[in-house]
Amino acid sequence: MAAYLNRTISLVTGQTGPSGNDQNSTGTDSVDDSRHNLSLQSSASSTSANYNAITDNRMYQSNDKSPLQIFVRAKKKINDIYGEIEEYVLETTTFINALHADAEIVDKAERELFESYVHKVAAIREVLQRDHMKVAFFGRTSNGKSSVINAMLREKILPSGIGHTTNCFCQVEGSDGGEAYLMKEGSDEKLNVVNIKQLANALCQEKLSESSLVRIFWPRERCSLLRDDVVFVDSPGVDVSANLDDWIDNHCLNADVFVLVLNAESTMTRAEKQFFHTVSQKLSKPNIFILNNRWDASANEPEFQESVKSQHTERCIDFLTKELKVSNEKEAQERVFFVSARETLQARIEEAKGNPPHLGAIAEGFQIRYFEFQDFERKFEECISQSAVKTKFQQHSSRGKSVSGDMRSMLDNIYERITIFRNLKQDQKNMLTERIQGTETQMMQVTREMKMKIHNLVEEVEEKVSKALNEEIWRLGVLIDEFNMPFHPERLVLNIYKKELNAHVESGLGSNLRARLSMALAMNVESAQTEMTDRMHALVPNEQLSTHSAKLAVRTQPFEMLYSLNCQNLCADFQEDLEFKFSWGITAMIQRFTGKVRERSKKHTPALVNRQSSIGHTVVTPVSTPVETTPVCLLPTPGVAGITPEQLSVISRFALSSIGSQGTVGGLVVAGIMLKTIGWRVLVGIGALYGCIYLYERLSWTNSTKERTFKGQYVRHATKKLKMIVDLTSANCSHQVQQELSSTFARLCRTVDTATTDMNEELKTLEAQLNVLEANQKQLKLLRNKANYIQNELDIFEHNYIAPQ
Ligand SMILES: Nc1nc2c(ncn2[C@@H]2O[C@H](COP(=O)(O)OP(=O)(O)OP(=O)(O)O)[C@@H](O)[C@H]2O)c(=O)[nH]1
């Protein structure tokens with residue numbers, strides 16, 4: 001009670017707070033003085049001063065210091081934060097959708113979860129737009145609920161009158177664009193606002209059910225409360241309906257403040273109490289104000305005024321603290337008021353006309369009641385603003401935090417996954433880089449080694465072929481003896497015989513060389529190829545081996561050496577000599593003698609190198625036989641007794657011609673000398689023997705002897721020619737081996753190159769993937785920081801708007 005009185009005095013004196021109260025007088029006497037000062041009969045100056053105080057108070061209420069501005073600013077702030085949350089959620093979802101392309105990082109369920117936040121935030125924003133401060137008025141019929149609302153709105157918007165007037169729930173809310181209209185529940189049709197008198201009035205024909213709602217949209221600019229998002233709900237009297245539960249469920253659950261409008265002329269009824277009991281059961285600690293309306297009536301009985309007020313106040317406080325348990329004593333004292341709604345409304349209408357408000361007074365003590373009503377409004381505004389911020393925005397703030405927190409932890413998970421994935425890719429990149437470098441180094445080493453190997457193998461082949469061919473040349477006589485085509489000295493037959501013999505020698509030599517060398521050479525080549533392939537296999541990564549295995553495989557056809565001896569051309573210049581020559585004839589003797597001398601000179605002197613440069617079409621290099629190992633000398637070498645073979649040949653020809661030319665005279669001289677020396681009998685005997693030998697040799701000069709002679713001449717000729725191509729043939733063979741191995745190695749190198757190129761491509765792909773992953777991580781960090789920023793914003797919001805309460 002004392003608090004109530006202090007409150008009244010502070011309003012009158014224009015001072016607020018406990019200090020103001022302390023500085024002024026306290027107690028009943030002071031109140032009496034105030035009442036005296038504020039009576040309608042007070043002087044004009046006093047009225048004018050009080051009017052100024054009222055005007056100042058209204059100005060204060062309508063400026064930015066109005067408690068309702070807390071809600072307005074909080075709503076704007078949370079709206080701004082939710083704008084950022086929506087932007088953040090959209091940005092994150094777009095990013096996650098892009099990441100979803102890589103299923104290893106974000107799966108479908110995760111993506112859908114992110115998308116669900118877009119809808120969630122959009123839904124919260126929608127609710128946020130509709131959030132307002134809602135006050136609901138209850139009380140018995142005709143207690144003046146509609147009048148209180150009208151007084152607060154400063155216009156007679158809701159129907160009021162004696163008896164049961166309000167038939168249904170009427171909600172008054174601000175409209176934009178200066179338009180006033182109303183809408184029935186479940187309809188979007190805008191009705192003329194004058195219809196409210198019919199729709200909501202119980203006395204009219206066209207009445208709605210008591211639980212239905214009519215929404216009245218009133219221009220915001222016409223009332224500061226509406227402009228600041230306060231919504232008023234008027235109800236039918238609690239004494240006319242049994243459906244109180246439905247009322248509460250349909251219209252009260254989101255109310256921030258309840259105002260119980262009592263009739264100060266009577267006392268609180270059971271119906272009124274019952275209604276609020278139900279409300280306090282359904283809502284946790286509802287904010288309830290009690291207005292003892294029609295207090296102007298107390299002016300008629302001033303002697304009982306204070307005692308009635310005390311009684312009402314005590315009962316109301318007990319109701320709030322002891323019965324409903326929704327407030328403590330101190331809070332309850334701030335929630336009970338004694339007002340006159342009718343008077344306040346009239347005063348404000350006068351005020352709107354530019355008249356002093358006291359023109360609306362209907363009884364003595366107007367200004368106290370008027371101030372009390374303003375005090376109620378002030379307390380109500382503080383309460384509804386704080387309550388609405390808490391009940392509505394705390395929930396939004398918590399949900400915003402939960403959304404940003406959930407998203408941040410999901411982003412953290414994705415970040416960790418990307419980190420693992422990135423490390424994996426980085427390891428792969430490092431391994432691949434090392435492998436490429438290793439492959440290049442090993443490739444250089446293998447190339448060096450393989451070149452050396454090919455070189456050695458080629459030299460070995462050359463040596464082997466040379467040796468084998470020389471041996472075959474030594475055995476040429478055997479090969480020619482094996483040739484058994486019928487021999488005939490006739491020119492045409494002999495030409496065919498020579499052709500066949502050339503072919504026989506060529507194929508015989510070829511097959512003998514193959515038999516001796518091919519197997520070993522092929523094995524050597526194959527083993528070299530296998531070694532190359534194995535070394536190259538080691539350079540190609542296992543996973544690429546299957547791709548490149550066909551290229552790496554050793555050729556299926558074994559290597560075969562080709563010995564192109566070409567005896568047809570080689571021995572084309574062979575000319576046989578099948579003339580009969582008596583072995584004891586003078587020419588033969590001289591030839592034999594010169595032959596022996598030549599043989600002897602050959603044994604003791606370096607061989608004369610035939611400088612003839614053409615054998616068939618081939619180029620011949622200096623030849624050295626196994627015997628002729630001495631260095632080549634191009635000068636004629638002196639024979640026995642300083643006579644060269646050419647000189648001996650000239651001498652023999654000269655001797656024969658001189659014998660032939662002297663004819664019989666010479667023979668007779670020789671015969672005469674011999675006859676005289678050894679006697680004619682011995683001479684005849686020698687002659688007979690000589691003749692017999694001649695005859696024998698002449699008779700022995702048969703076809704087979706000619707064949708033997710032919711073959712002997714051929715062997716000598718072919719031996720000479722073949723020896724000249726030994727080096728050429730072995731060089732040719734080694735060249736074949738070199739070609740074979742080089743081409744194999746080149747093929748393998750190409751394969752390794754392809755594998756290296758593939759690895760480089762893979763490296764590029766890995767680098768690109770790493771760049772993308774790095775960019776993703778940067779973006780994730782950014783998004784995480786944004787989530788933190790939003791959380792901070794919401795923390796600050798709670799600290800500024802919710803925590804202080
Ligand atoms: N003297 C006086 N009369 C009042 C006051 N408040 C309201 N009235 C009158 O009481 C009657 C009922 O007022 P309403 O505002 O309609 O009351 P209500 O509680 O809304 O009534 P229902 O709508 O029927 O529930 C009207 O004639 C008002 O003029 C007041 O403070 N003093």
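**Note on the predicted model**

1. Start with helix α10, residues 244–252. Its buried residues are W247, I248 and C252. Here "buried" means 20 or more other C-beta atoms within 10 Å of the residue's own, "exposed" means 12 or fewer, and "partly exposed" lies in between, with C-beta atoms placed from the backbone. These three residues span an arc of only 95 degrees around the axis, so they sit on the same side of α10. The arc is taken from the directions running from the helix axis to the C-beta atoms. An α-helix has 3.6 residues a turn, so residues three or four places apart point the same way. On the other side of α10, D245, D246 and D249 are exposed. The cover over the buried residues of α10 includes β1 (133–138) and α11 (270–282).

2. A word on the basis. This is a predicted model: local features need pLDDT of at least 70, side-chain atom pairs count only at pLDDT 80 or more, and totals for chains, interfaces and linings use all residues. Residues are numbered from 1 along each chain as its sequence is written.

3. The whole chain next. The protein chain has 24 helices and eleven strands. Both are DSSP runs numbered from the N terminus: helices are H or I with at least four residues, strands are E with at least two. Of the 805 residues in the protein chain, 30% are buried. Among contacts with a separation of 6 or more, 81% join residues 24 or more positions apart. A contact requires C-beta atoms, placed from the backbone, within 7 Å.

4. Now the sheet. Nine strands form an open, mixed sheet in the order β4-β3-β5-β2-β6-β1-β7-β8-β9. Its edge strands, β4 (191–192) and β9 (336–338), each pair on one side only. Two strands pair if DSSP finds at least two bridges between them.

5. β2 (residues 169–175) and β5 (residues 213–219) are parallel, with seven bridges. There, S175 has P219 of β5 as its bridge partner. β3 (residues 181–184) runs antiparallel to β5, over four bridges. Y181 stands opposite F217 in β5. β7 (residues 257–263) and β8 (residues 287–293) are parallel and share seven bridges. N263 stands opposite N293 in β8.

6. Which residues come nearest to the ligand? They are G144, S146, S160, T166 and R342, out of 23 residues around the ligand. "Near" means a C-beta atom, placed from the backbone, within 6 Å. Helices α7 (145–153) and α14 (341–353) each supply at least two residues of this shell. The shell divides into three nonpolar, 15 polar and five charged residues. Ala, Val, Leu, Ile, Met, Phe, Trp, Tyr, Cys and Pro count as nonpolar, Asp, Glu, Lys and Arg as charged, and the others, Gly among them, as polar.

7. Is S327 buried or exposed? S327 counts as buried because it has 20 C-beta neighbours inside 10 Å. S327 lies in the loop between α12 (302–323) and α13 (329–333). Leaving out residues up to four places away in sequence, S327 touches L320, T321, A332 and R335. The C-alpha atoms of S327 and N287 are separated by 8.2 Å, though the two are 40 residues apart along the chain.

8. Last, the record. An unreviewed UniProt entry annotates residues 678–696 as "transmembrane region". In the model that span is 95% helix and 0% strand, with its end C-alpha atoms 26 Å apart. UniProt also places a "coiled-coil region" at residues 429–471 and 756–793. Residues 756–793 are 100% helix and 0% strand, and their end C-alpha atoms lie 55 Å apart.

Technical notes: UniProt positions renumbered as here; feature names shortened; annotations may be inferred. Contact = placed C-beta atoms within 7 Å.
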